[in-house]
Amino acid sequence: MEFARHPHPSPIAEERRREILVSPGFGQHFTDHMVSIDWTRASGDAAAESSAPHSGGEWHDARLEPFGPLSLSPAAAVFHYAQEIFEGLKAYRHDDGSVWTFRPQANAARLNRSARRLALPELPEEVFLEALRVLVSTDQSWVPDGDGQSLYLRPFMIATEEFLGVRPANEVGFKVIASPAGNYFGGELKPVSIWVSRELARAGHGGTGAAKFGGNYAASLAAQLEASAHGCDQVLFLDPVRDNAVEELGGMNVFFVFADGSLVTPELTGTILEGVTRSSVLQLGRDRGLNVVERSITVEEWRAGVASGEITEVFACGTAAVITPIGTLVDGEDSFMSPEIDPATSVALDIRRELLDLQTGHGDDRHGWLHRLV
């Protein structure tokens with residue numbers, strides 16, 4: 001697919017860009033351009049709407065254009081029926097000036113799994129990768145090179161058709177925007193505190209929990225407010241159908257390190273997002289000879305394991321934060337601390353170091369996870 005190029009007539013001044021890159025924060029500033037591709041269902045292909053809603057159309061008008069507001073009808077389907085999905089990944093500048101991203105094929109595959117669940121069209125992997133390359137190669141001066149910094153890439157897909165009927169949209173837009181990013185939690189890495197949500201759920205069985213769908217995140221916000229009100233950084237969701245088994249945080253997967261050499265994470269049941277960082281941690285755990293297990297684990301087992309010394313570390317992982325230790329767990333009026341991590345022996349910090357070294361070009365890419373963009 002060929003991308004038409006429409007450069008920004010007034011890009012952000014170099015001096016201002018340099019000021020931003022000194023301390024970019026997360027998701028606060030955006031590069032000069034974005035990528036857009038449109039999809040339209042083939043005329044007369046109404047049968048595809050019910051039998052295969054993601055087929056019967058074509059992607060067209062791929063373009064690089066100035067970052068800026070979108071022009072959409074107030075009746076666009078995305079506003080009324082939340083037919084949208086998104087992804088998140090990072091681009092890193094290596095010492096030789098080249099720019100690479102981490103496992104983008106996995107993001108492309110997950111985008112298409114999400115698309116199938118939300119009745120949106122699938123995007124070919126090669127188009128997804130080329131969209132990233134076109135944007136990053138154009139805005140490569142926005143890729144920071146400070147410690148722990150990266151260019152966060154946000155591909156997303158929205159239903160743009162002007163129509164209020166409840167059916168899969170006949171017109172869809174795919175876009176990629178980019179934002180320079182520092183440390184997700186800001187400053188020095190430190191354990192995060194977690195509030196246990198007993199009343200609110202992020203997703204339910206048969207729902208959209210396995211899709212990277214904005215509605216899942218919107219559903220987590222009220223619980224996140226509860227967490228903040230109790231002085232906690234993040235919220236933990238449970239599965240009431242399976243004895244209140246641990247699921248995930250508002251935007252990260254959860255891992256447990258056991259004294260017997262096991263690395264345990266909640267199994268995928270359709271209500272948990274299959275994180276790219278999660279799957280990477282599982283593989284790196286196997287590389288270390290750990291007994292990697294995906295299974296149900298409850299808060300009660302968590303509490304008892306910490307008390308007995310059976311659980312030695314608890315951490316969360318995700319694209320934005322990479323890996324961060326979990327400290328205090330607040331469950332209503334009760335709370336307890338996860339074990340304090342010893343930097344010299346920590347599995348979590350060791351895997352984190354390998355991930356960061358790999359992503360920034362300082363490690364051995366033995367699994368072929370890096371993909372060069374520039």
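The model is predicted, so local features need pLDDT of at least 70, side-chain atom pairs count only at pLDDT 80 or more, and totals for chains, interfaces and linings use all residues. Residues are numbered from 1 along each chain as its sequence is written, and side-chain values use heavy atoms, with hydrogens and water left out.

**Helices H7 and H9**

Helices (H or I, at least four residues) and strands (E, at least two) are DSSP runs numbered from the N terminus. Helix H7 spans residues 276-287 and helix H9 residues 347-359; their axes come within 11 Å and cross at roughly 110°. H7 is therefore roughly perpendicular to H9, a term for angles of 65 to 115 degrees. Axes are lines fitted to C-alpha atoms, for helices over the stretch in contact, and angles run from 0 to 180 degrees between N-to-C directions.

On the H7 side, Thr277, Ser280, Val281, Leu284 and Gly285 meet Ile351, Glu354 and Leu355 of H9. Contact here means heavy atoms within 4.5 Å. The residues of this contact divide into 4 nonpolar, 3 polar and 1 charged. Ala, Val, Leu, Ile, Met, Phe, Trp, Tyr, Cys and Pro count as nonpolar, Asp, Glu, Lys and Arg as charged, and the others, Gly among them, as polar.

Buried means under 20% relative accessible area, exposed over 50%, and partly exposed in between (1.4 Å probe, protein chains only).

| Residue | Relative accessibility | Class |
|---|---|---|
| Glutamate 87 | 0% | buried |
| Aspartate 334 | 34% | partly exposed |
| Serine 338 | 4% | buried |

Glutamate 87 sits in the loop between strand S4 (84-86) and strand S5 (89-93). Its side chain makes a polar contact with the side chain of arginine 110 at 2.7 Å. A polar contact is a pair of N or O atoms within 3.5 Å; within protein, one must be able to donate a hydrogen and the other to accept it, and residues adjacent in sequence count only if both atoms are side-chain atoms. Beyond four places in sequence, the contacts of glutamate 87 include Asn107, Tyr152, Pro155 and Lys212.

Aspartate 334 belongs to strand S17 (residues 334-337). Not counting residues up to four places away in sequence, aspartate 334 touches Arg303 and Leu329.

Serine 338 lies in the loop between S17 and H9. The side chain of serine 338 makes a polar contact with the side chain of tryptophan 302 (3.3 Å). Serine 338 and glycine 327 are 11 residues apart in sequence and 5.2 Å apart in space, C-alpha to C-alpha.

Notes. Angles under 35 degrees count as roughly parallel, over 145 as roughly antiparallel, 65 to 115 as roughly perpendicular and the rest as oblique.
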